[in-house]
Amino acid sequence: MIDVLQDSANQIEPAVELSVVIPMFNEEEALPALVGRLRPVLDGSGEPYEVVAVDDGSADGTVRQLGELRLTWPQLRVVRLRRNSGHQAALTAGLHHARGHYAVSLDADLQDPPEKIPEMLALARSQGLDIVYGVRANRSTDTGFKRRTAGVYYWLMRRLVGNHVPAQAGDFRLLSRNVLDALKALPDQPQVYRLLVPWLGFPSGEVTYHRDERVAGQTKYPLRKMVLLALDSVVGFSVAPLRLATWLGAFAFFVCLGTLVYTFAVYATGETTPGWTSLIIAVLFIGAVQLICLGVLGEYIGRIYTAVQQRPTYYVGEDTGTAAAPLPGIPWPGPRRGRGSPLESLGGPGGS
């Protein structure tokens with residue numbers, strides 16, 4: 001009798017080999033083009049798959065379009081966050097909820113071609129890789145400013161974090177179930193996956209592609225968010241800013257020491273002159289160094305404070321792929337694990 005029930009369950013919910021995770025925020029204009037290119041690729045691959053569309057609190061018609069698409073696309077699964085939590089948090093939600101043996105993260109703007117997914121999957125299988133990065137061989141469609149800032153970002157990250165960070169590799173990548181389980185076991189905190197995934201050290205390969213222009217809508221990474229991403233990357237994966245504060249303090253000390261020697265020398269020769277200018281410069285210099293050091297310390301202390309609060313990075317309001325829907329007014333918690341955690345007690349999604 002048990003075998004019959006298990007067979008019936010397997011027929012109802014077959015094993016998923018490939019999950020495609022797509023964070024979405026106000027992508028109403030890009031959705032038709034995305035589906036028009038992604039679905040033929042996945043249907044033609046012959047692999048049992050699911051598409052995990054994570055709605056990151058969209059204010060346009062993204063959710064409505066996703067609901068309409070589910071009527072004709074049974075493999076589409078919608079994970080709706082209760083509020084806008086950010087691209088990396090939405091990506092975290094999708095990866096934690098993915099059920100496939102492999103998962104590919106893809107943006108909805110089609111700058112990263114979904115036609116490369118079968119090639120990434122074939123490379124992972126043939127060489128026994130756990131990670132396959134999509135590396136941009138050409139960024140000619142980006143503005144000159146974007147290309148230069150991206151080049152500086154990857155140059156800086158490779159020197160601060162290590163050469164294991166692939167250059168020009170964004171969030172278009174394939175991860176095996178081993179990597180997904182390793183990511184789920186990490187503490188629940190904001191992540192920068194383009195640095196975190198290489199840090200894990202799993203066997204990896206690369207697939208190059210030409211980066212296209214955004215198919216529709218507006219970029220979700222303006223200059224302000226790019227600067228914040230760079231700041232999170234530096235502070236989250238390196239203690240170099242703390243060492244920089246130390247070196248600035250040492251430099252200021254020697255400058256002040258030299259100024260002190262000069263003052264005594266002038267006083268000894270009797271050539272004392274009004275020192276208003278030098279005094280103001282010294283005070284401003286020391287004050288600037290102190291403020292920089294305090295700012296660096298504040299960034300790290302702020303992250304410690306956030307980690308101590310243990311607030312989940314996201315809350316799931318609805319997941320169409322779960323048998324048990326969330327009750328009204330009771331949010332599913334994010335992927336916080338451990339004994340006595342909300343996921344363990346409620347059996348919510350992402351707790352496996």
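This is a predicted model: local features need pLDDT of at least 70, side-chain atom pairs count only at pLDDT 80 or more; totals for chains, interfaces and linings use all residues.
1. Pairing of β1 with β4. Strands β1 (residues 18-24) and β4 (residues 102-105) run parallel to each other and are joined over four bridges. Within this pair, Val20 is placed opposite Val104 of β4.

2. Arg125 and its two partners. The whole structure contains 14 salt bridges. One of them joins the side chains of Glu17 and Arg125, at 2.9 Å from N to O. Glu17 belongs to the loop between α1 (2-12) and β1, while Arg125 is in helix α5, so this pair ties together parts that are 108 residues apart in sequence. Arg125 also meets Glu47 in a salt bridge, with an N to O distance of 2.6 Å.

3. Accessibility of Arg125 and Glu47. Are these two residues buried or partly exposed? Arg125 has a relative accessible area of 38% and is partly exposed. Glu47, at 19% relative accessibility, counts as buried, because the cut-off for that class is under 20%.

4. Glu50 and Arg77. The side chains of Glu50 and Arg77 form a salt bridge of 3.3 Å, N to O. Glu50 is in strand β2 and Arg77 in strand β3 (residues 76-81), so the pair ties together parts that are 27 residues apart in sequence. Both Glu50 and Arg77 are buried. The two residues also belong to a network of salt bridges that links Glu50, Arg77, Arg99 and Asp319.

5. Packing of α2 against α3. How do the axes of α2 and helix α3 (residues 62-70) cross? They come within 11 Å and cross at roughly 35 degrees, and the crossing is right-handed. On the α2 side the contact is made by Leu31, Pro32 and Val35; α3 contributes Thr62, Gln65, Leu66 and Leu69. By class, the residues of the contact of α2 with α3 are five nonpolar and two polar, with no charged residue.

6. The chain as a whole. The protein has twelve helices and eight strands. It has 352 residues, of which 40% count as buried. How many of the contacts between residues at least 6 apart in sequence join residues at least 24 apart? The share in the protein is 80%.

Definitions and conventions: Residues are numbered from 1 along each chain as its sequence is written. Side-chain values use heavy atoms; hydrogens and water are left out. Two strands pair if DSSP finds at least two bridges between them. Helices (H or I, at least four residues) and strands (E, at least two) are DSSP runs, numbered from the N terminus. A salt bridge is a side-chain nitrogen of Lys or Arg within 4 Å of a carboxyl oxygen of Asp or Glu. Buried means under 20% relative accessible area, exposed over 50%, partly exposed in between (1.4 Å probe, protein chains only). Axes are lines fitted to C-alpha atoms, for helices over the stretch in contact, and angles run from 0 to 180 degrees between N-to-C directions. A crossing is left-handed if the near helix is turned anticlockwise from the far one by less than a right angle, and right-handed if clockwise. Contact means heavy atoms within 4.5 Å. Ala, Val, Leu, Ile, Met, Phe, Trp, Tyr, Cys and Pro count as nonpolar, Asp, Glu, Lys and Arg as charged, and the others, Gly among them, as polar.
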